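Hello,

Here is the structure I promised to pass on. My notes follow it.

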Amino acid sequence: AAATAPRRSAWTSTRSSLRGMAAEQHQAEQEPVEVEPDPEAPPALDPELAARRAAALQHVRQFGDPVLKTRAREVETFDAGLQAEVERMGQLMHDALGIGLAATQVGVLHRLLVYRVEHDSPVNVLVNPVLEWSSKEEEWAEEGCLSLPGVHVDVERPVHVRVGAQDATGAPIVVEASGLEARVIHHELDHPDGVLILARAP
């Protein structure tokens, strides 16, 4: 399938730009010159937001944790405990400034994920999600992951997807998504199968 050139997109972690390290090293050997700020560099986080994000990331399993490579089990019980799990995941995703989070990332082997493309949108919940269809059209984009802070790789994913799942009460739902939403869902669907973005890197 045809793929577009890599493009930057919002994702599940805040980027720390390392661009220009070689140029800076060379410049250090020359006379001091005025350097303009990188217009593509992310703005510094408000100290309160940064502290909240750091605290949230303490609850997210990081690369090297065996649970991230473990296949999760289907959710069979839809009760207050599951609802509390969903609410906790949604809050952690919000505090970590993420747009997607799977249960395995918080150490729970459930086929469950939460996501939202817009920061002020309601949290979407997919329990026992199954990819029913994906488009042949795919595109490349840069992705990050809350379980791999500071790591960004280009990943090719379908532009359109259809997913069957259940909501937090157990009711069946179908989600048809395109663009960034499709990418977020497809990314999070990898986690319950123990797949990280590094496995999809070129």
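**Strands 4 and 5**

Trp 140 stands opposite Glu 156 in strand 5. Strand 5 (residues 148-158) pairs with strand 4 in the antiparallel sense, over seven bridges. Two strands count as paired if DSSP finds at least two bridges between them. Strands (E, at least two residues) and helices (H or I, at least four) are DSSP runs, numbered from the N terminus. Two residues lie between strand 4 and strand 5, and the pair forms a hairpin. Six of the eight residues of strand 4 (residues 138-145) are buried, so strand 4 is largely enclosed by the rest of the structure. Buried means under 20% relative accessible area, exposed over 50%, and partly exposed in between (1.4 Å probe, protein chains only).

**Basis**

This is a predicted model: local features need pLDDT of at least 70, side-chain atom pairs count only at pLDDT 80 or more, and totals for chains, interfaces and linings use all residues. Residues are numbered from 1 along each chain as its sequence is written, and side-chain values use heavy atoms, with hydrogens and water left out.

Five strands make an open sheet in the order 1-2-3-6-7, with antiparallel pairing. Strand 1 (100-102) and strand 7 (172-178) are at the edges with a single partner strand each, so one side of each has no neighbour in the sheet. Neighbouring strands are turned by 40° against each other on average, direction ignored. Axes here are lines fitted to C-alpha atoms, for helices over the stretch in contact; angles run from 0 to 180 degrees between N-to-C directions.

Strand 3 (residues 124-134) and strand 6 (residues 160-166) run antiparallel, joined by five bridges. Trp 133 has Arg 162 of strand 6 as its bridge partner. Helix 3 (residues 80-95) packs on the sheet and touches strand 1, strand 2 (112-115) and strand 3. Contact means heavy atoms within 4.5 Å. The direction of helix 3 makes about 40° with that of strand 2. Helix 4 (residues 179-190) also packs on the sheet, at about 125° to the direction of strand 7.

Nine of the twelve residues of helix 4 are buried, so helix 4 is largely enclosed by the rest of the structure. Among them are Arg 183, His 186, His 187 and Glu 188.

In helix 2 (residues 47-57), Arg 53, Ala 56 and Leu 57 are buried. The buried residues of helix 2 pack against helix 3. Pro 47 and Glu 48, on the other side of helix 2, are exposed.

Best wishes
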